[in-house]
Amino acid sequence: MLTSCESSGISSLTTSPPLATMPAVLACWHIGGASAAGKRRSEETMPTICITNQKGGVGKTTTAVNVAAALAGYFEKRVLLIDFDTQCNATRAFGYDSGSGGEVRLGHLLEMAEDGQTNLPIEKAILPVEVPLLDLLPGQKRLAKYLPDHRPDLLAAVLGGLSSRPDFTIIDCPPGLNLLTTNAIFASDWAIVPCEHAVFSLEGLADLLAMLEQLASAKRDFDPTNFYRILLTKVNPARKRSTEYVVQELTPYKDKLFRTVIRENDSLNQAHAAGKPVFLYDSSSVGAMCYHALTRELLDYEETRIQKEQLARAGQPD
Ligand SMILES: Nc1ncnc2c1ncn2[C@@H]1O[C@H](COP(=O)(O)OP(=O)(O)OP(=O)(O)O)[C@@H](O)[C@H]1O
Ligand SMILES: [Mg+2]
């Protein structure tokens, strides 16, 4: 039961040890490239996770960028970060401007997937970033025009067309419940829903969660409520009214909350402005510690989720 800020993990964050500085390298790993060594795992253990909330400014991009960077830089996972927002903020968070892209753009990949093509040339679409094992598929301003109304599955088709899957694919969603969001959710194994620690921030949450569950049930045959985890962001324990509001509103979802919460911390803002994940900007900041702790919890959750899915499948008749 979520009864206080403390039980949602705030106090533990203040005692986390400082992190080792993330190693920065100039070269980056490319999907399907020669450096993509390591034991292959089955596709079901290579999850796609979207970061979604129809509300703007709640920390979706900050979460996508820093979780992707931590998975790759600290936990040695091969990660593809997809900027699926026409604002291109995740692209900017790595120091690129919003018009940046590779030889092939994401919109073109969507067109190729619509034509039924496989083995898509995604390595020509990615941009190198300063974090080892992390690839960025940059955003595109008019991305929505590549998504026909009847194809909520087109991004899933792009990912299905990859010649080699990364360990984790992280999708940064735009605000709003639009075709981009639907495509991202449909392509995902599960979703992180960042919610801001502020009064009125949870209005509309029930609608989003219902949509997530509906899309999950459309493509799966197990408990669709496993499909999301809620993450509290911009937490400031001094804001007592916000805490009371959030605790009350989130009580029905207490089993769906990440224990880790993301504290309000200006280093996250500054890192974004500097075009770096927070680990490369100030690895000893509270923001860095929060996202490191979240990523560790995410890895634990992922392991449990896979086990539950395998058990559910084993118990089902053919
Ligand atoms: N924990 C935090 N503490 C302080 N500032 C934060 C925190 N998380 C995010 N921010 C800042 O809040 C602003 C909005 O964050 P972000 O861009 O991640 O939200 P978003 O949900 O992706 O927004 P949008 O819906 O527009 O895409 C940014 O300036 C970001 O640097
Ligand atoms: Mg964003």
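Reader: What makes strand β2 (residues 79–83) and strand β5 (residues 168–172) a pair?

Author: Five bridges join β2 to β5, and the two run parallel. Strands pair if DSSP finds at least two bridges between them, so β2 and β5, with five, qualify. Within this pairing, Leu81 stands opposite Ile170 in β5. Strands here are DSSP runs (E, at least two residues) and helices likewise (H or I, at least four), numbered from the N terminus.

A word on the model: it is predicted, so local features need pLDDT of at least 70 and side-chain atom pairs count only at pLDDT 80 or more, while totals for chains, interfaces and linings use all residues. Residues are numbered from 1 along each chain as its sequence is written, and chains are lettered from A and ligands numbered from 1 in the order in which they are written.

Reader: Why are β3 (127–128) and β7 (228–233) called edge strands?

Author: Each of β3 and β7 pairs on one side only. They belong to an open sheet of seven strands, in the order β3-β4-β2-β5-β1-β6-β7, with mixed pairing.

Reader: Which residues come nearest to ligand 1?

Author: Of the 20 residues around ligand 1, these are Gly56, Lys60, Thr61, Thr62 and Pro175; a residue is near if its C-beta atom, placed from the backbone, lies within 6 Å. α9 gives the most to this shell, with four residues.
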